[in-house]
Amino acid sequence: RSSVSRANETLKEAFSAWRKRDLSKEEVVYLFLDGVYLKMHVGNSPAEAVLVAHGITAEGKRILLGTMLGGRESEDSWKALLLDLEGRGLKAPSLAIHDGNQGLIKALRSVWKQVPRQRCIAHKIRNVLDRVPKKHQARVKRELVKVFYSASLEEALAQVKVFADKFGKEFPAACGTLGKDLADCLTFYRFPQQHWKRLRTSNVIERAFREVRRRTDVVGRFPGEMAALTLIWATLEQDRMKWRGVQMDEDLRSRIVQAAKEAVSEKTDVPPQS
């Protein structure tokens, strides 16, 4: 029992040091932001959001940057996380990848207004299909996937029109959902094609969240915020060791910088309407 207690204290000390560490030397080009809802207490208490930030650096490696409790993922909660990262020296990334949470979007606009955003296409596809009767979802999804897996931005926009022509009258709500914030779903096309697979979704952290839930479900009830965050951090750090980096060289870094400038100045949103 005493050995376990000492191990827990060592882990808490490591987490405390990690959450305060200097980030000024970390050149993060892609910043991924997501939240996971966990039951922190036994009984009928509502699940609480744990906000997580991780990124890909200019060297192509993955790095876990920050985590904190965030209530219901409000603008203030996300803003607190972003300001914490900025306060520890993290410079604005070239692209922020997120799931479409409105509080997060407002926080990004407040803290890093000029950073282009990429909305996770997996979340967008689910949102569109939610507006389609189940028996028609397979054929709608086939056309929807063509938008996000085209060879270029121009081809993707052409596929949006095809989708609108095909389903505008039959499923107008689905077409309207696709059109909402469409530009944020297509930003990745401006960045190097070698990175598209990583930028389309937040799947890497979503997979890690499944392991977090498995670990926290065993605990059932945490004695406090520090205990919960320490376990979550340790689980994410362990999972991070499995994360694969991305190809990166001087040419790709230059293209990322240029893409970020173009994404800010040339946002194109084409709502699919027939």
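**Overall fold and selected local contacts**

The protein chain has twelve helices and five strands, where helices (H or I, at least four residues) and strands (E, at least two) are DSSP runs numbered from the N terminus. Its radius of gyration is 20 Å, close to the 19 Å that the globule rule gives for 274 residues, so the chain is as compact as a globular protein of that length; the radius is taken over C-alpha atoms, and the rule is 2.2 Å times the number of residues to the power 0.38. The model is predicted: local features need pLDDT of at least 70 and side-chain atom pairs count only at pLDDT 80 or more, while totals for chains, interfaces and linings use all residues. Residues are numbered from 1 along each chain as its sequence is written, and side-chain values use heavy atoms, with hydrogens and water left out.

Along the principal axes, the C-alpha atoms fill a box of roughly 70 × 50 × 30 Å. Of the 274 residues, 49% count as buried (buried, under 20% relative accessible area; exposed, over 50%; partly exposed, in between; 1.4 Å probe, protein chains only). The chain exposes about 13,600 Å², of which carbon and sulfur atoms supply 49%; accessible areas come from the Shrake-Rupley method with a 1.4 Å probe, and for residues only the protein chains shown count as cover. Among contacts (heavy atoms within 4.5 Å) between residues at least 6 apart in sequence, 70% join residues at least 24 apart.

Strand E2 (residues 48-57) contains Thr57 and Val52. Val52 is buried, because its relative accessible area is 1%. Leaving aside neighbours within four places in sequence, Val52 is in contact with residues including Phe32, Leu33, Trp78, Ile205, Phe209 and Leu236. Val52 and Leu236 are 184 residues apart in sequence, yet their C-alpha atoms are 9.4 Å apart. Thr57 has 0% relative accessibility and therefore counts as buried. Residues up to four places away not counted, Thr57 touches Glu26, Glu27, Val28, Val29, Ile63 and Met248.

In helix H3 (residues 102-111), the buried residues are Gly103, Leu104, Ile105, Ala107, Leu108 and Val111. They pack against strands E1 (28-38), E4 (95-98) and E5 (117-119) and against helix H2 (75-87). At the start of H3, a side-chain oxygen of Asn101 reaches to within 2.9 Å of the backbone nitrogen of Gly103.

Rings of Phe, Tyr and Trp (its six-membered ring) pair if their centres lie within 6.5 Å; planes under 30 degrees apart count as stacked, over 60 as edge-to-face and the rest as tilted. By this rule the count comes to nine aromatic pairs. Phe15 and Trp18 form a stacked pair, 6.0 Å centre to centre with 25 degrees between the planes. Both lie in helix H1 (residues 2-19), three residues apart, about one turn of the helix. An α-helix has 3.6 residues a turn, so residues three or four places apart point the same way. Phe15 and Trp18 are both buried, and together with Trp233 they form one aromatic cluster.

Glu170 lies in the loop between helix H6 (153-167) and helix H7 (172-179). Its relative accessibility is 38%, so Glu170 counts as partly exposed. Neighbours within four places in sequence aside, Glu170 is in contact with His136 and Arg139. The side chains of Glu170 and Arg139 are joined by a polar contact of 2.5 Å (a pair of N or O atoms within 3.5 Å; within protein, one must be able to donate a hydrogen and the other to accept it, and residues adjacent in sequence count only if both atoms are side-chain atoms).
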